[in-house]
6 protein chains.
Amino acid sequence: MKKERQVFINGKFVPEHEAKVSIYDSALMFGDMVFEMTRSFNKEQFKLQDHLERLYASIKYVHIPIEMSMKEMEEHIYETIDRNDPLFEKDDEHRIMINVSRGLLSLYQDVVGVEAGPNITIADFPLRWTVASMGPLFESGINAVIPSQRAIPASLLEPKVKNRSRMHYLMANIEVSNYAGENNWALLLDPDGFIAEGTGDNFFMVKDGKIITPEPRNILRGVSRKYVMEELSPQLGLPCIEKNIELYDVMTADEAFFTGTPFCILPVTSINSMQIGSGKLGPITKRLLDTWGQNVGVDIIVQIKKFGLSKKPGAMNAPSPYSFKQKK
Amino acid sequence: MKKERQVFINGKFVPEHEAKVSIYDSALMFGDMVFEMTRSFNKEQFKLQDHLERLYASIKYVHIPIEMSMKEMEEHIYETIDRNDPLFEKDDEHRIMINVSRGLLSLYQDVVGVEAGPNITIADFPLRWTVASMGPLFESGINAVIPSQRAIPASLLEPKVKNRSRMHYLMANIEVSNYAGENNWALLLDPDGFIAEGTGDNFFMVKDGKIITPEPRNILRGVSRKYVMEELSPQLGLPCIEKNIELYDVMTADEAFFTGTPFCILPVTSINSMQIGSGKLGPITKRLLDTWGQNVGVDIIVQIKKFGLSKKPGAMNAPSPYSFKQKK
Amino acid sequence: MKKERQVFINGKFVPEHEAKVSIYDSALMFGDMVFEMTRSFNKEQFKLQDHLERLYASIKYVHIPIEMSMKEMEEHIYETIDRNDPLFEKDDEHRIMINVSRGLLSLYQDVVGVEAGPNITIADFPLRWTVASMGPLFESGINAVIPSQRAIPASLLEPKVKNRSRMHYLMANIEVSNYAGENNWALLLDPDGFIAEGTGDNFFMVKDGKIITPEPRNILRGVSRKYVMEELSPQLGLPCIEKNIELYDVMTADEAFFTGTPFCILPVTSINSMQIGSGKLGPITKRLLDTWGQNVGVDIIVQIKKFGLSKKPGAMNAPSPYSFKQKK
Amino acid sequence: MKKERQVFINGKFVPEHEAKVSIYDSALMFGDMVFEMTRSFNKEQFKLQDHLERLYASIKYVHIPIEMSMKEMEEHIYETIDRNDPLFEKDDEHRIMINVSRGLLSLYQDVVGVEAGPNITIADFPLRWTVASMGPLFESGINAVIPSQRAIPASLLEPKVKNRSRMHYLMANIEVSNYAGENNWALLLDPDGFIAEGTGDNFFMVKDGKIITPEPRNILRGVSRKYVMEELSPQLGLPCIEKNIELYDVMTADEAFFTGTPFCILPVTSINSMQIGSGKLGPITKRLLDTWGQNVGVDIIVQIKKFGLSKKPGAMNAPSPYSFKQKK
Amino acid sequence: MKKERQVFINGKFVPEHEAKVSIYDSALMFGDMVFEMTRSFNKEQFKLQDHLERLYASIKYVHIPIEMSMKEMEEHIYETIDRNDPLFEKDDEHRIMINVSRGLLSLYQDVVGVEAGPNITIADFPLRWTVASMGPLFESGINAVIPSQRAIPASLLEPKVKNRSRMHYLMANIEVSNYAGENNWALLLDPDGFIAEGTGDNFFMVKDGKIITPEPRNILRGVSRKYVMEELSPQLGLPCIEKNIELYDVMTADEAFFTGTPFCILPVTSINSMQIGSGKLGPITKRLLDTWGQNVGVDIIVQIKKFGLSKKPGAMNAPSPYSFKQKK
Amino acid sequence: MKKERQVFINGKFVPEHEAKVSIYDSALMFGDMVFEMTRSFNKEQFKLQDHLERLYASIKYVHIPIEMSMKEMEEHIYETIDRNDPLFEKDDEHRIMINVSRGLLSLYQDVVGVEAGPNITIADFPLRWTVASMGPLFESGINAVIPSQRAIPASLLEPKVKNRSRMHYLMANIEVSNYAGENNWALLLDPDGFIAEGTGDNFFMVKDGKIITPEPRNILRGVSRKYVMEELSPQLGLPCIEKNIELYDVMTADEAFFTGTPFCILPVTSINSMQIGSGKLGPITKRLLDTWGQNVGVDIIVQIKKFGLSKKPGAMNAPSPYSFKQKK
């Protein structure tokens, strides 16, 4: 038991393999759960406050009546990290996942032994799981592929609320997995035909020294996205603006990249197989990555490549972190 | 242990309170689970074949690579019923819930003690949980309320696939819970402004002796809906057609009703507080209910009212089966 | 007769109770009338020039061939005020309503005794009628409710033209009157899901010291809105920008308020029952109100509360100025 | 006084030139009035029951709380006709206009001498006013012109409710008045690009012996339309169906026509200047007109042409009944 | 010269390699050309009248002022065939292409030696060019792939007019050429998410013995489509209806197929890699093909396979008839 | 032969009247051709680099696999000018047209004597052809007319790619040619109701000293547009911004104008017959024109008027450069 990571559930710690949700929970009935996923740099949580604020906005938006304050939530997160850190490898990072669901639907409240009310879960697992296969992408870059699946507009299902009703993201990933070639990641258009986001990452492009990212409408407003916009870009003296972007704009851009909590920044070097700029990690993307790394004291590319080396080969082929092993 | 209902999970039976899904399952990551919920009449499953066919269509659409055949699935369902029936009250009915999820995302496959691959769950609980509070609605009827939340069109998130990414249904329910008065159930418009469906039920109206239901586009094609269209209506010699319906049509209809597996048919007697027809259970709705009951050997209204009497009062106030006990 | 207010109609003055429009007028056939409504502060008309310019833009847009110049119109307004002022209480303000309709449809020109050609009406009534019930809202704030009724986009019916085809505003008000609770005012989304406007007021929110209001597309470009944007905000040294706003943005805002000619500014303290900021009149909203008041020499809150006290109770319950006494 | 037509207003009769609505009435504030316009054949009202049923549906939809029953309304209509008939020429027909408005907004209830509550008006004027200029159109046919102004979809402003918020109809008429040539009438597309309706008439086309009219969605469901569909077509043994129609369909149709209460049926012989069929009154259109005339004992074409002869020339140039005399 | 096929251009015959259009022609400026492409069976033109009627509808819709009558056009077609037939192999079929362009834009009318006015071209080439590579598809079937490129709705660019502004069809083909696997043909959704058509073929599905094809809105109304609907289906006693179809419907269909003039009918055995029915040429599709062949005296599958054998291998790899040899 | 202009085609020069494209070329099959059209000032090509960059972006977007580099293309353009200049009148300007098509569809590659692969054409003709009729428009101004034809949104057919699938532009021109009056040019709305562009020109308006042009979404990003935005406006010290513009904005603007390569800038003095500003060439428009002329050493208005004088009268009546001589 000592060897197994512990997961916080409603004030108690359970072993990771027992960290489960009742089949009668609203999370499993309606995808009715909001969440956050963080990472550390050198074991220091990054932008935890931003994650917590977004989480509490999500909770408010979907009307889950929790009683835990943001402060308490933060304390439980640190407690979870403290419990699990001894089980982490020295060079690993803590990836925290916080789930908040509404709990049992009232009609199921007679199920024996399951309490009513919201469920709060805090898990803590090694970042290397997520990023192990991504090292080569810093060189090759990603080929962003626009699937026929469109982003759902915010007025129908609010993506700014980080929620678990995301079947359409999976459908996009499955669609893109049918494309020929490698390193294809889905990049969704919204119903107006504007670039929205990846299925777990935000999109940026660079044109004439300006950093441009989609308007914050039909997307998750990512914590990494905010960091690039409000801290890294000013630090580099580069303007960073929000604007409606179309395929044509990306095709004629100088550089492009995805941001996401686990990998920070990954270059996008082509879109629908049309080369973007030089077709390689561009200079501004590189400076953003370098500066980020300096700010947090971690060489991001080196770290992810190292995770890849030590990772068991079985899971290494995944081009996207959201893939499945499918039997044909 | 003997006293607790058992849930089938991937070939094994576990006690209901242990019927859970790992927090790393795709079902909890993406709402990536398809499902069915059935009921029995006099303990005989109703239209199980229809449910199974829809389930396998859902599985195919979302590309979950299961190996269990439809035939095997059916056998496991009956096995589950057999195990649990001794724990059911004599007058109760079996409500079966079948869940199929894709399983662990590949990146989480290092989690100790959780197997990769799709997860199949079959639960069996008393129908009375769902319908206990509905008895009075056969008299009062439901006031259908159109919330600002619209149905998501099928090209963005396919409602014909019975899936668990349904946060927007909950959002509609929450919105409608803010309306004044009682017996308000959400009735969603699609983005074109046509009546789509309730958040767990199909909608019908009656006009000049014709039974009319929305085109099967932005809705779940319900098993009860199909039964009304293809069996009950012909049996009564009444035409039943699919057509785009608008609020104006409903307001000027003679009768209206919802269909749903647990309650079969419930009258809708007003819409946005505008009375429909006589404002009472209408004669054609009544004949449909009666004929259904005769066909299956159960007086549907009587049964549901009886369930209400025996149910513990705590859960009885719920106007909709999808409500929560919310702390204010 | 001396005791009755006079209304200017096509160059003549008639007693208010005779200020009427023929049933054959295009205004009553097609909602084919444009208008303005102003107010005074200490009996000085406020921003009359802005109102007149918008009126003449409306007239041009709908192609009403009037011959009266803007200058003449202004003179008639002042003449109307002069005639009526003796009948106003000392502390009251002049609310001017200017209507311009196209007049009789050509086919009705045989109606005896009704002249062809555009009709210009200038009425002058006490502001207290409109605002008497609003005093408490400065404390409680308004709960903005998003109805299913959407704003009509400008390409279909131009809201920037202040016209009388506004049945949909009324439908929104009626829908919101069915919500539980008090102080509910309608706030319309446009068909793209962006916040548009109230049914007689513009919407603003405050976030991180910035004042934000919807893009001037599917809304009336209010005179008070313009005053806040172009005069008050600069006066307070606060940036004020136009931007697409969504429900999520409002929910996470620090403050929000409506602007409208009669009441100037009213705080919006929740939206769809989700609290905004502190849930009270916010500090920036307060400063805007105070500065406005100082600029015009009237304590706006005090004045409206006083109007409420002196107003006959019969009309005081109206939560919105656009309500009706409905018989149930 | 004896020489002037009388208008019923809330139970009293007033001379036509005094039949007016207060400028504070909701009808003039919001276009908040519903209405019907009928006609007689040989002084017998045609399909009055259909008009009344639609009127009461409109009243219900917009929530005007009237107390007058449909039966009483009918009696008042006949009373109005009886009063006015002596003033009608022998060969004229009674065109009845019924208006129902919500009345004073509550805030205006202090206006002296104007009662609160709904206003019901019944006017009765000679049909010749409306149709006098239409005689030649039975030969020339109408050129239907599609303006850039689109019909407003029913979910935003319900055209099935015969209401007075119709500025967009006028805007379409004005736009079409800028087209070169004569006999141009507006024919609106809805936002989906389907033919909707004229600005006061329904559209039909004939193809291969089948009569086709737009789906009853973004249109007024006209009484004449219903008569063609449910009585005339069966009488002639011709199928008549509702279907989405596009410009291409109309251009390749055999015949086309408008229906409207005053003129019954008028041929549409071209669309956007592209000839339809033979470019003349088609045989099926002719049979419909003839049969209608036989059913009601009036030769419709002859009657309208005769009205044109006796009408004062001043109003004869109007290509559409909804035109204005504009001063340039 | 005798050895080269001749092309009819404005009344004269020129050798095929000289059959060209001036770079100043409106066809090359705006894609402003309408056209038809036919085929023969045993050298008898098939449904030529249908093609001509559609052509003249297209000409009328785009307002090209030609003087040639439909009868004359037909004669020129037969004259063209007569001239070229001696150059055709015995077993080949005549594929006629008729182009009608508006001719020189007026501003280019000074170009020396190019006449103003519409240009009419009639070419005649061997059908084998088009179908040589398609033989194997009768066995394997086509995998219909839905690209992100949507069909343009008819209100923006009328696909029922067979015109040459079809860049978006090519873009769809290019997109689909990036899919892994073989036999992928594009199947476009329209902006509403309904199946529209292929990029040169109409789509049908079979479900429960019913033949279903998309509503004739955002598609070309194909001559083969009409033949299947109005002649073959009745001949087989099978109902054939037009209906909005979605991806879900196709996935759960029993059979599916494309129709197109050159190949008549080709089975679609999967969609987005999801198997349809048995995954093979279905029994009803087979009967349609057989009956068609019997009606015209040609075994369609045998003929196309034979064309494939005799065709030079260079062009055989093309999965779609609209592919290009691209240099990478 | 010496007297005829020469056109560059795939490395060779042919006389202009032989500059043609095979009827089997993809350009004529699908409108599958991209292009540029330039002009000179005093025989110096203007912004040729901008045109070339846009051309190569277009080529990339539509995946035409050409081998000619941008540098080589430029050289061929100058070579073409050199060849043709002796045939130009002294005061004329070179209008270069570059066409790039994909070439023969693979199925047509057996056509004798036509090579496979992309076709590159460079033509060079006198600018006077295009602008001869435009001189008077500098005084009268253009009446921008909004047709019912909408611009196709970029996600369906990318207008930023200068391509030849532009039938809808022609349809808009034909529609506007039916308007009464003179100097009517089409101005398209996009499907959102925003001003997009003319059918060969970009739109600008001036309001309160600010120059405003539509967001660069559903339009061609014109070279002249860019010149006004990035060079002329800064030169005049005037702000120039991109913004969504609606009809209402244009109607209330101070000035408006079109930009286009051949004429540079033409005033728009009314929209849908509603006067804009003074109804004459406005002062800022005038300064832009003057400054442009000074920058390039040509008095633009004078030059175009002179072209008009010397042009043969036959083609002078054309209100738009894209008109046709139509036989009625």
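Predicted model: local features only at pLDDT ≥ 70, side-chain atom pairs only at ≥ 80, totals over all residues.
**Notebook: sheet, helices and chain contacts**

I began with chain D, where five strands form an open sheet in the order 2-1-8-7-4, paired antiparallel.

Strand 7 (residues 94-101) and strand 8 (residues 119-126) of chain D run antiparallel and are joined by eight bridges. As a landmark I noted H94(D), which stands opposite P126(D) in strand 8 of chain D.

Which helix packs on the sheet and touches strand 4 and strand 7 of chain D? I found helix 2 (residues 48-61) of chain D there, with a direction at about 175° to that of strand 4 of chain D. I looked up helix 3 (residues 70-84) of chain D as well. Helix 3 of chain D lies across strand 1 (6-9), strand 2, strand 7 and strand 8 of chain D, and runs at about 40° to strand 8 of chain D.

**Two helices in chain A**

I moved to chain A to see how helix 2 and helix 3 meet. The axes of helix 2 (residues 48-61) and helix 3 (residues 70-84) of chain A come within 11 Å and cross at roughly 130°. Angles over 145 would count as roughly antiparallel and 65 to 115 as roughly perpendicular, so helix 2 and helix 3 of chain A are oblique to each other. The crossing of helix 2 of chain A past helix 3 of chain A is right-handed.

I listed who makes this contact. Helix 2 of chain A supplies L48(A), L52(A) and Y56(A), while helix 3 of chain A supplies M70(A), M73(A), E74(A) and I77(A). Sorted by class, that contact has six nonpolar residues, one charged and no polar.

**Chain C against chain D**

How many residues of chain C are in contact with chain D? I have 57 from chain C, against 58 residues of chain D. On the chain C side, the elements that give two or more residues include strand 3 (20-22), helix 1 (26-30) and strand 8 (119-126) of chain C. Helix 4 (128-131) and helix 6 (167-176) of chain C are also on that list. Helix 6 of chain C gives the most, with five residues. By class, I noted 31 nonpolar, 15 polar and eleven charged residues on this side of chain C.

I was pleased to find strand pairing between the chains here. Strand 3 of chain C pairs with strand 3 (residues 20-22) of chain D in the antiparallel sense, over three bridges. V21(C) has V21(D) as its bridge partner.

**Copies and the remaining chains**

Last, I checked pairs without contact. Chain A and chain D have no contact, and their closest C-alpha atoms lie 16 Å apart. Chain C and chain E do not touch either, with nearest C-alpha atoms 16 Å apart.

How values were computed:
Residues numbered from 1 in each chain as written. Chains lettered and ligands numbered in written order. Axes fitted to C-alpha atoms, helices over the stretch in contact; angles between N-to-C directions. Helix = DSSP H or I, 4+ residues; strand = E, 2+ residues; numbered from the N terminus. Parallel < 35°, antiparallel > 145°, perpendicular 65-115°, else oblique. Left-handed = near helix turned anticlockwise from the far one by under 90°. Contact = placed C-beta atoms within 7 Å. Nonpolar A, V, L, I, M, F, W, Y, C, P; charged D, E, K, R; others polar. Pairing = 2+ DSSP bridges.
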